[in-house]
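Look at the model shown here.

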Amino acid sequence: MPADMKKIIRFILAVATACTLVASCNALDIIQDNKLSASNMWQDENDVLTSTYGIFYRMRENFVQNYVNVFYWGEARVGNYMWGPSLENRVQDNDMIAVRLSQMNGSTNSCSWSALYTAIDQANSVLKYAPSVPMSDSARRRAIGQASFARAYCYFWAARLWGDVPLNLLPVESTTQPETYPVRAPKEEVYRQIGLDIEQAVEYADDLGNEKYFATKDAVNMLKAEYALWMYSTQNGGDSYLTLAEEALDAIGIGSSKLLADYGKIFDRENKKNTEVVFALNNNQTEKLTGGYYWYFYMAGANVATQFQQNPVPIYATQWWSYSQQFVDVMVASKQDNGDSRVATNLGMGGYGEGDGRILTWPNKFLGDMSVNPTVFDCDLLYYRYAQAVMMHAELKYYQKDYSAALKSLNIIAKRAYGRDNFYSDSSRDAILQALTDEYFLEFPCEGVIWWALIRLDKIWDYNPELADKRVNNPNILLWPISQSAINKNNKLRQTEGWS
Amino acid sequence: MNYKKVLICCLAALMGVFFVSRPVAGAQDKLYDVDLSMSQATVSSFTAALTKQTGILFSYETDLESKALGKISIKEKGASLESILLRAFSGKGVTWKIVNRTVILTEDVSRQDNRSTVRGSVKDSSGEPLIGAGVIIKGKGTGVTTDINGNFAIEAEPGQTLVFSFIGFITQEARITKAARMDIVLLQDTNLLEDVVVVGYGTQSRRTLTTSIAKVDGSSIFDAPVASVGDALKGKVTGVRIASSNTLPGEAPRFLIRGGSSINMSNDPVVIVDGIQRSMDDINPNDIESMEVLKDAASAGIYGSRASNGIILITTKKGSVSKGPEIVFDAQVGFSQPSRSWDLLNATEFLTLVRQAIPLGPNSDTILNGANAAGTGNVLPTSMFTTRFLGDDEEVPAGWLSMADPLDPSRTLIYTDYDAEKDWFRTALWHKEYIGVNGGNDAVKYAASASYLGDDGIVAMSKYKLFTMHGNTSFNVTKKITFSTTFDFSRAVKNPLTSNYFNAIGRGLMEAPTHRNFDEEGHWIMGGTNVNQQIASFYESFYDREMATNNVSANFTLNWKIADGLSATAQYAAFDSNYRGSYYARGMVNGTRNFISGTRSTTETRTETLRDHVTAYLNYKKNWGGHEINATAGYEYTHWRYWYVNATGTGSSSDKVPILDSATEYTASNQDTRQALMSGFGRVNYDFTGRYIFSATLRADGSSKFAKGKRWGFFPTGSAAWIVNDEPFWRVDPSVVNLFKFRASYGLTGNNGIGLYDTYGAYSTANSYSGYSTTLPSTMMNNDLKWEKTSQFDLGVDMSFFKDRIRLVLDYYDKVTSDMLFSITLPDTGSFGSAKANVGSARFYGFEVELHTANIQTRDFSWDTDFTYSFARNEVLSLPDEYMYDEVDINGNPTGKKAWRIGGYTMSESGWRFGGTAVGEPLGRIYGYKIDHIIQTEAEAAAALYDSQSHGYLPSDNLSVEGRKAVGDYEWMNRPGSAKLPDGREQINGEDMFLLGNVVPHSTGGLNNTIRFKRLTFNIYMDYAIGHSIYNYMKTRFIQNTLGNSNSNLSHYVYDCWKYPGDTGAKYARFFPNDADFGNRNFSRASDFNVERADYLCLRDVSLFYELPEKWVKPLGVKRVNIGVSGNSLYYFTAVSGTVSPESGISTDSSAGQYSFVNNGSGDGSFAPPARKILFNVKITF
C-alpha cells in the first residue's frame, strides 16, 4: 500500500502540474483580433473618419428603401392631383394607396423611421468620440462638421414627418442607458437641436471638403436655408429665421451660373456630381450600391413592345406609380404652350405598348442603367441641387414681400426652362405665389421637394382638398403616424395624436 | 494564447500522465553483484527486485506476473546474467531468452502436461442452444465460440476459469473441474435496470442510478432505415422532442430536451461523441454502442456550463472479446417517395375554375385575352403558357388537350398539361452498405467499419451521399495500463440548388399546369414573371452546387489502474470539420440564357472548425461493510478555432471555366475566431447497502466568451435514490415486484450559448460608400453578460413487476432558468436591432412515462410493447423592467398591477396588451386573425367591418375601395378595445389578432410493438405529437392564384371554397383571382385558415425480418443471415395540408430557439414532403 500511495501522490502531482501549465497560459483571455470590438475601437483618426463615412452609408440605406425615401416622404402625399396608380394597369398596393390618400396607419411601411435613426445613431457616435480621439484638428473638425450636418438633416426629416420624435444625442450602446428606450421629445426641442447642429456644421464648414456625396459648405447652407424657411412659415419662428435663410442663401450665392444649362443632364447617371448637384447620396454598381424609388415608375416588359424596351421605355417589374392624367396634362400644356424644356425629362410618353399601341407614361428622370434588362438602379439620388437655392431665394423674398427680387430669382429658373428672359413679369403677391407653386411642380417632380414647398407656401390645401376635410378630425393631418412596430418595441412611445 | 501554446499545454497534460508510468533502467551483458533473498517470490516481485539491484530489464506477459517462483536466494559477486537466470527460473515453469539486452520470459509450455479438452454446451433458460456464444479462458487471450448446437470444445487446464458470454445474456464464469463436461445455462439479461449506463466520465449500474438518464442501446438502432441517428429516435426517448424541421435528405432533426432552457436562444442540446463535442448527424447508427440522454440537472451537471439544454452522450462501438472476431455486412436498398402531396389541379381543372373566376377581379378582359396561364393570348414561340383557342381549321396538336371554353362553350380551348409536383418531387433510390468487424483478445480489442449511404433525394436536386469510417482499438499494455484510440471519418455531400427553397421550388410548384416548358427548338421557356420561378430541369441544368463536409474526430485515451479501486484516465481528442461549398450558375445552356441571372456567379466557401480537447480524471472506488464510495475528479480544457473564407466572382464571359478564375469581378470575406472553455469537475456517489444511494457533482467552467470577472460559473448538483423493495420491511413477493426505486435530484446547469462578440461588441468594416471604407457597429457590447443558470428538480420512480415483465419509469421535472441569455429586441431608434443580455427567467416543467411490457414470452413466440409519453409545459417567470407597464384589463381599466411584455400588440383604444413574450404566459404562441364567419348576403357585406387589408374590389363599380368587403369573404373576429377608424367605426387590423396555436407540442411519445415468431421478427412503431400548430404558408399559396395574372396553380381544396350566397356549408371563403394583389385577402394573412393544428400520429417504422436457418447458411461459411423489409415514415395521420410535415414549423437553424414559429415559405425547404422509405435488407454475419 505505501508503494501505491506513492504512485497516487506522483500521479496527482503530475496532473496538477499539467493543469497548472495549461491554466497559466491565460487560456481564457482571447481577444478576437479579426474584428473591431469595443476594446480596440475609437482609438485613432481612422476609426473616426471611417465612422463618419458610415453615417452617409447609413443615410443612403435609409433613403433607398422601397417604401421609405424622399418620394414617399416628400411627394406622394401631394395626392391625386399629381400621382396615381399606373395609367396602364391601375394597380397599387395598400401602402401606396394609403400614402397617396393620406390614410396611413401604424402598419404602413412608409411610417418606419428605423433606418433614419441608425444614421442618427452613427452621427451620435462620431459626435461622442471625435472630440477625444487623438487625431489632427482639421480631421476632427471635418468629422464633427459632417456628423452635425447629418444629424441635423435626419432630424429635420423626422421632425417634419412626425412632429415630436425621440431626440437621442448620444449613441445607443447599452441596454440600460436612457437613449435606448426614448420618449418622443417635443418638436420644439427637436427643432432647437437641429438649429444648434446646423450652427456647428456652419462653424466647421471650411473643413468639410467638396465631396458632394458628403456634407459641403453649400449643402450645410442649403439645409440652413430650408430649415429657416420651414421654421418661419410653419412653426411661427418669426423674422429672425428669414435673416438666417438670407445668410445661408447669400453664402451659396444666387445666380444662373451654378445651374446646369441642360436640365436633363442634371439627373444623368453618366453626369454624376455635376455643377448643379449640391448634395447627393451615391449609387454605383462597383460597390453594389444600387436602388431607389424610381423602379416604381418603370414598366413591366410585358406591357412594352420589344423594340421600345429600354429604348426609350425603362423596364422593370411593375409600374406601381405614375403621374395622374391631370398632372400629365399640366406638363404637356407647359411644353406645348411655353416650350418647357424640362418636360422631356420629367415625362416620358408615347405609344410604346404591346399590341394596340396604348399610350404609356412615366417620369423620365433618374434613369438607371438601361443597357441591361431589367434596369439596374445606379443613378445617384439628389437631395439638394442649386435650383432649390434659387427657388428658396424666391420664396424668401416672397415672405419678405420683396416681390421684384422674388420675380428675379423665379426668372432664373424660368429662363432655363422656357429659354426666355423675364418669363414672369407680374409682381403681385398672388402672381408670385402662383408662380412659385407652379415652378416647384414643374421643376421638381419625383424629387421629394414639392410636398414641403406646398406646406411652406400653405398651398397644399388647394391641391389636395381631401386633406382639408381630414384636418377637421385630425389637426395633425400633415404629420405621419409612427409605425406600430416602433411602439411595440418601446413602451414609452405613443402614436401621433390623430392617427392610429 | 496562441494555438501552439495550447498544443504544448495539451501535450503537457498527457506527458504528466506518462512520466510516472514506468521507470526505465540501464545496461547489462556483463557481470553483476547480486544480493537477493526472497521467501515467496513471484515473477513480478523477483524481476522488480533484480532490476533494482542490477538494472537488468525484463519483459513478460501479464499472466506470468503472479507466477510463483518459491524461495530464491542469490548472493554472488560478478555473476553472469545466464547464471542468475538459471538459479531463479530453472525448473519453475519459466523459460527465457535475451533479445536486445532485455530478458523475455515466457511460460514453459513443455511443462504443461495438465491440459485437456474441456467440452460442454451453452444454452438459454428455455434449453435453446446459443450459437456463437463466447467461451474464453479467464486471464488468457484464448477462446472459442459455440457451434450451431451450442456446443464447444476448448483446450484448458483444471483450475482455470472459463468465461461464457452471449449478447443479451448475463455473462457467467465457471471453474474447470476434473468433471470435464460443462453445460452452462445463460440467463437472459432482460433487466434493464441492471444495465450499465454511461454517465459522463464513467459508467454506473442503472440500478444504482440516482438521476434521470435515458439510454438507447446501439443494437436497437442497428439497421435503422434512416440516414441520421436522430431520425431513428423520434418518440422513443421520454422527455425529448425530436422533429425534422427540414425534410430534405441529409438534414438532421432537431432535439428539444425537456423544453430546453431558453426563450429565444438555441434550445439544442450538446452532443458529446466519445468525449468530444460535435454533431451526431454524420455518425452511422450501426457504429453506436449506446446513446445516453442526460435529462435532469444532476446527470447533466457534470457537464456544467453547457448542460442546460440537456446532454446527449454517444459511445461508439468498441472491440469485444466475447463477440470473437465477427464481420457484419449489412445492406439496405429500396426507394423513397413523397409521403404527402398537394394534390394540385390539372390543366383542365385549372382552366375550368380560373377562367370562370377571372371576371370577378379587375382587368378581366386583359387577363382572359392576354398571354396568361388561363388567358388565350398565348402565341408561339414566346409565350410561357399554351392556352389558346383552337383555330377554325386547326386540329388539336398531338399531345395537347382541348375543352370547351367555360366562358363561351362555342369555342374550344387547347392547352398542354404540366404536373409541377411530379416534376419537383420524385421517387428516388435509397441505399446503404455497411461492413463492420469486431473482435479482440485480452491484449488487443478492435472494432472498425465503413459505410456508404446514397439517397437520390425525392426533391429535385436534393441528392445526399454519406461515407463513414470508424475505427477503435485498445491495447492492454500492461495489466494496469490500457491505451485506446478511436478514429471517425465522414464525408457528406449534398447538391442542393439554392439556399432559398421557396423561391425556386415553392414558386416552381405553383407553376400553372398550362405552362409550356420548352419551345419547339427545345429551349427552356421562362417559368413566370418572377424570375426564380422555373421548372425543375432549368435549375438542374443551370445550377451546380456542392456542399461537402469532411469530419474527422480522433481520440487517444490512457487508462491506468493505479491501485486497487483507483484509476486515472487521460484523453486527448480532436475534432476537425471541413466544409467546402462550391456554387456555379451557368449563363447559357443549350442556347437558352439564364433567366434568373446572367452574371455567371461563382462562389467558393471553405470553413474549418477545429476543436482540441484535453480531459484528465481520477476515479476512486471503495467498498467496506455495506458502504460503497465512487468518486471522480477531473479537469478539462477545450479550445475551438473557426476559419471561414468565402469568395464570389461574377462576369465570366463563358461557362467553359466554371471556377473563380474566369470571373472579372470579385468579393471575398474571411473570419478567424477562437474560444476556450476550462473546467474542473467532481462527482461522489455513495451507496449504503444498495438501498440508499446518494450522488453529488460539482463543475466549475470558465468561458472566454465572457468578460473577466464574469467568466466562471459553478454548477453543483445533488441526487438520491432509495431502493424500497430491498428494505427488510418490504413484504411484497419479489416475483411480483422486483424493483421499486425512488429518485430525487436537484441541481444547477448553465449555458454560454452566446455569440463571440456579444460580450465585447463588434464593428463591421465590410461596407464601403463612394470609395470610402466605413466602420459601422454590428453587435452591441455587453460586458455584464454572464452564465445563464438553470436549476432543475427531478422526481422519479423506477418499478419492475413480474421479474421485469413490466417495467415502468416515471419522472416529474420542474426547471427554472434564470439570468437567461436573451436576445432582446431593441427599439428601432438605435443602431442595433437586438442585443444579448441576461434577462428574466422561465420555468419548464412536465412529466414522462416509459412503460415496457413483455406481453408474451415463450420459446417460439414473444410479444413486447414499449410505450413512451412526455408532457412539457413552460411559463415566463420574469422579464426586465424595461418591459414593465401598468396593466389594464381588456376594457382598459387599470388593474393596479405591473405587467412585463416584450413585443406583442397594444390595443389603441383600451391599452390592453397581448402577444409577444410576457410574464405568466407560455412561449411559442402563434397569433393571427380568427375567422368569425363567411359573409353570406350583400347586406352583411355592406355592414361588414372595415378590413385594413382588404382591397375591396367589386366588379359592379370596377373600384378598389380599401377596407370594403364582399359576399363570400371572411368576416374576421374583432377584438374589443382594438383600433378604430378616425371616424369612429370599428376596423380589423393588427390589433385583432388572436392566439391560434403553439409551435411546440405539449405531448410527444411513441408506441412500439415487437413480435417474434421463431425466426421471424415483426416490428411496428408509431410516434406522435399533440398540441402544436404550424403556419402553413404554402396552403395559402395554393388557394391565392397569384404570380401575375392568376398564373399560380391551386390545390384541390380550392373546391371547398364558398360558392354562392347562402353556401353555409363552405369550408373556406370565396376563391378570388389573385386574391393577394387584387382581392380582399381572405387567405394571405396568418389566420386560422393557414395556422393548422399539427397533431400527428406517424406510422414511423414497420419491419419484418427473417433469420435464415443455419443449415442453409452454414455451408456457405456464414454465421447468420437475416433478410427483411422495412418501411419508414410510411404515413402521417394529421390535419396539416399538403406536403408540409407536421413536424416542421420551427426554424431549421440550430442556433435559433425552437419557440419562435416560422412559416414554411421562408425558404428553408420545410415544405418538401417527408420521404417515405421502403427498404430491403440483408445482414450477413461471418
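The points below are grouped by topic.

This is a predicted model: local features need pLDDT of at least 70, side-chain atom pairs count only at pLDDT 80 or more, and totals for chains, interfaces and linings use all residues. Residues are numbered from 1 along each chain as its sequence is written, chains are lettered from A, and side-chain values use heavy atoms, without hydrogens and water.

**Cysteines**
- A disulfide is a covalent bond between the sulfur atoms of two cysteines.
- The count is 0 disulfides over all chains, where a disulfide is a pair of cysteine sulfur atoms within 2.5 Å.
- Cys446(A) is in no disulfide: the nearest cysteine sulfur, in Cys379(A), is 12 Å away.
- Cys446(A) is buried, at 0% relative accessible area (buried is under 20%, exposed over 50%, partly exposed in between, with a 1.4 Å probe and protein chains only).
- Cys1057(B) is buried too, at 2%.

**One residue on strand β64**
- Leu1016(B) lies in strand β64 of chain B, residues 1016–1026 (strands are DSSP runs of E, at least two residues, numbered from the N terminus).
- Leu1016(B) is partly exposed, with a relative accessible area of 33%.

**A sheet in chain B**
- Four strands form an open sheet in the order β8-β7-β10-β11, with antiparallel pairing (strands pair if DSSP finds at least two bridges between them).
- The edge strands are β8 (143–145) and β11 (172–175), and each pairs on one side only.
- Strand β10 (residues 161–165) is joined to β11(B) by 4 bridges.
- Leu162(B) has Ala174(B) as its bridge partner in β11(B).
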